[in-house]
Amino acid sequence: MGKLDGRVVVVTGAARGQGEQEARLFAEEGARVVVADVLDEQGAAVAKEIGEDRARYVHLDVGREDDWGAAVAVAKEAFGKVDGLVNNAGILRFNALVDTPLDEFMEVVRVNQVGCFLGVKAVAGEIGAAGGGTIVNTASYTAMTGMAAVGTYAATKHAILGLTRVAAMELAPSGIRVNAMCPGAIDTPMSNPSQLDPEADPAETSAALDELYRKLVPLGRVGRPREVADLALFLTCADSSYITGQPFVIDGGWLAGVSVI
Ligand SMILES: NC(=O)c1ccc[n+]([C@@H]2O[C@H](COP(=O)([O-])OP(=O)(O)OC[C@H]3O[C@@H](n4cnc5c(N)ncnc54)[C@H](O)[C@@H]3O)[C@@H](O)[C@H]2O)c1
């Protein structure tokens, strides 16, 4: 028996990285999943690999309200309902705040923050109608502390925690739990763009990243996307049945404290 038998979960940004691992793990645990992304070829390939009976790909730009309506319609037509959402899609831009063009700031807000808001808005009624379920928002360790050079990103991730808390309070009467994940450094194309280089050896690029984080992170390595998927699974299945409105840091101990050794 799977932990998500009978569930139908939309995972945004599921063509690669953490979202891909979440979609694959959820399907392994019995869920039917909607793999949503703007990377159509990659997303469709992920859904195909998971299998037609378990997964559908849908083009969904999370910052576009129309796209959300279409994605929910695809989910309902294929699987009859929606009772789970992982708001995973996100983008990162590096810039000092005072050097950040307004267009760049607004694009990060549009995807990370508005995308999360629209996701909650689009699926809450459906999850309520299905008898309850879960929403997991993907924030970041930069939702818990500042980080120079990623101010726009950090601001949106702080905002996601506010959204998570309020949504948890407002949606509890409909049987919907809403929590947030705050990953530290995770080995995906976002933190490790060399993964996108077809010439690069994945084992070598991951080892280089582990070396970078060996001293920064108490557990001495970068996190793996499957480890974040495991947390998303916990927050989506009944194991977390009395938990809502909370941020969960998954960072190898990075935020535990400062170190001088
Ligand atoms: N990798 C890390 O170190 C790290 C740390 C903390 C938080 N996060 C967060 O985890 C989430 C997943 O990131 P990842 O590490 O897997 O990165 P990633 O770049 O590998 O994956 C992000 C996915 O989101 C998709 N996406 C981007 N814009 C979109 C849009 N407008 N609509 C729909 N999909 C869109 C991308 O196409 C991609 O498939 C993000 O929210 C990110 O901010 C990542």
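Biologist: In which segment does Leu255 lie?
Modeller: In this predicted model, the reference point is strand 7, which spans 247-250. Leu255 lies in the segment after strand 7.

Biologist: Is Leu255 buried, partly exposed or exposed, and which residues make the nonpolar surface patch of about 230 Å²?
Modeller: Leu255 has a relative accessible area of 35%, and because buried means under 20% and exposed over 50%, Leu255 counts as partly exposed. The nonpolar surface patch of about 230 Å² is made by Met144, Val249 and Leu255.

Biologist: In what order do the seven strands form the open sheet, and which are the edge strands?
Modeller: The seven strands are paired in the parallel sense, and their order in the open sheet is 3-2-1-4-5-6-7. Pairing on one side only marks the edge strands, which are strand 3 and strand 7.

Biologist: Which residue in strand 2 is the bridge partner of Val10, and what stands opposite Val34 in strand 3?
Modeller: Strand 1 (residues 8-12) runs parallel to strand 2 and is joined to strand 2 by five bridges, and the partner of Val10 there is Val34. Strand 2 (residues 32-37) also pairs in the parallel sense with strand 3 (residues 55-59), over five bridges. In strand 3, the residue opposite Val34 is Arg56.

Biologist: Is Asp99 buried or exposed?
Modeller: Asp99 is found in the loop between strand 4 (84-87) and helix 4 (102-129). Its relative accessible area is 51%, and since the cut-off for exposed is over 50%, Asp99 is exposed.

Note on methods:
Residues numbered from 1 in each chain as written. Predicted model: local features only at pLDDT ≥ 70, side-chain atom pairs only at ≥ 80, totals over all residues. Heavy atoms only, no water. Patch = residues over 30% accessible without salt bridge, like charges linked within 9 Å, V, L, I, M, F, W, Y side chains within 5 Å. Areas by Shrake-Rupley, 256 points an atom, 1.4 Å probe, with all protein chains shown as cover. Salt bridge = Lys/Arg side-chain N within 4 Å of Asp/Glu carboxyl O. Helix = DSSP H or I, 4+ residues; strand = E, 2+ residues; numbered from the N terminus. Buried < 20%, exposed > 50% of the residue type's maximum accessible area, 1.4 Å probe, protein only. Pairing = 2+ DSSP bridges.
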